[in-house]
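Me: I would like to learn how to read cavities and salt bridges in a protein model. Please take one feature at a time.

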Amino acid sequence: MQLIEDLKREHELIEQVVGALRTFVAALASSQVDPEDGARFMAFFRDFAGTFHHDKEEAVLFRALVEKAEVPGNRGPVSALTGEHRHMGEMINTIGSLLEAPHRNPEEQAQLQSLARDYSHALWRHIDAENSVLFPEGQERLRRAHVYELPSRPMTELERQAREYGSALLAAYPPVHDAEALRGDGCMLCPSYGTSCEGLEVEWWSDQEWDENRQRISSD
């Protein structure tokens, strides 16, 4: 499905730019960066990752899963991932407020670095959950409902500019390699697992799917 392939390609840029944000924030203390780059990072995450990318996920893919594939929208993966979008939007707004402050004291700089780290961890795990669980499983359920393609939309000029900012920032600030970031495929590493979502099998599987799974296990 072309829409899902597009979303995955956008993930590749987004997960790199958030690593570049970490590099930028760490360098702020030494004043060896262009302060205006903070506004460019915010434009990328608000206008490209948020307004453009998240809108396509929620208004097109998630809606189709609920309306066409009849997966629940008020609980499970769709609800959990939508909630993560909102939470990460709040995080980036807080980061933006700190970046816009004309004079940051050491405590505020430490808070900014901590928030950037937490935001990157949340975003990386969110991307992993969508790539490894929601996209492949959602596409299969849409296929069963005879939905093979979904509409996309072109970027606005503002969104296109935000994407270009992201590419330029990535070249200027090599993304950090964070060995402490917990990443991986599957529901168990999703930030929402065990809180707002009990996992794909519990939330989406039908009785028939459970029966088929038990039969596979017993035949192994």
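**Cavities and salt bridges**

Reply: His-11, Ile-14, His-53, His-54, Glu-57, His-85, Leu-123, His-126, Ile-127 and Glu-130 line the second largest cavity. The elements that each give two or more residues to this lining are α1 (2-28), α2 and α4. Keep in mind that this is a predicted model, where local features need pLDDT of at least 70, side-chain atom pairs count only at pLDDT 80 or more, and totals for chains, interfaces and linings use all residues. Residues are numbered from 1 along each chain as its sequence is written, and side-chain values use heavy atoms, with hydrogens and water left out.

Me: What is a cavity, and what counts as lining?

Reply: A cavity is a set of points, on a 1 Å grid over the protein atoms alone, where a 1.4 Å probe fits but cannot get out; lining residues have an atom within 4 Å of a point. Grid points are joined across faces, edges and corners, and the volume is the space filled by probe spheres set on the points. Here there are 2 cavities of 30 Å³ or more.

Me: Which classes of residue line each cavity?

Reply: Ala, Val, Leu, Ile, Met, Phe, Trp, Tyr, Cys and Pro count as nonpolar, Asp, Glu, Lys and Arg as charged, and the others, Gly among them, as polar. The lining of the largest cavity has 10 nonpolar, 1 polar and no charged residues. For the second largest cavity, the lining has 3 nonpolar, 5 polar and 2 charged residues.

Me: Which element gives the largest share of the lining of the second largest cavity?

Reply: Helices (H or I, at least four residues) and strands (E, at least two) are DSSP runs, numbered from the N terminus. The largest share, 4 residues, comes from α4.

Me: How many salt bridges are there?

Reply: A salt bridge is a side-chain nitrogen of Lys or Arg within 4 Å of a carboxyl oxygen of Asp or Glu. The count is 15. In one of them, the closest N and O atoms of Asp-37 and Arg-40 are 2.5 Å apart. Asp-37 and Arg-40 are 3 residues apart in helix α2 (residues 37-67), so about one helical turn separates them. Arg-40 also forms a salt bridge with Asp-34, at 3.5 Å from N to O.

Me: Is Asp-37 buried or exposed?

Reply: Buried means under 20% relative accessible area, exposed over 50%, and partly exposed in between (1.4 Å probe, protein chains only). Asp-37 is buried, at 9%. Arg-40 is partly exposed at 27%, and Asp-34 is partly exposed at 35%.

Terms used:
1 Å grid on protein atoms, 1.4 Å probe; cavity = no way out; pocket = protein on both sides within 12 Å on 5 of 7 lines; lining within 4 Å.
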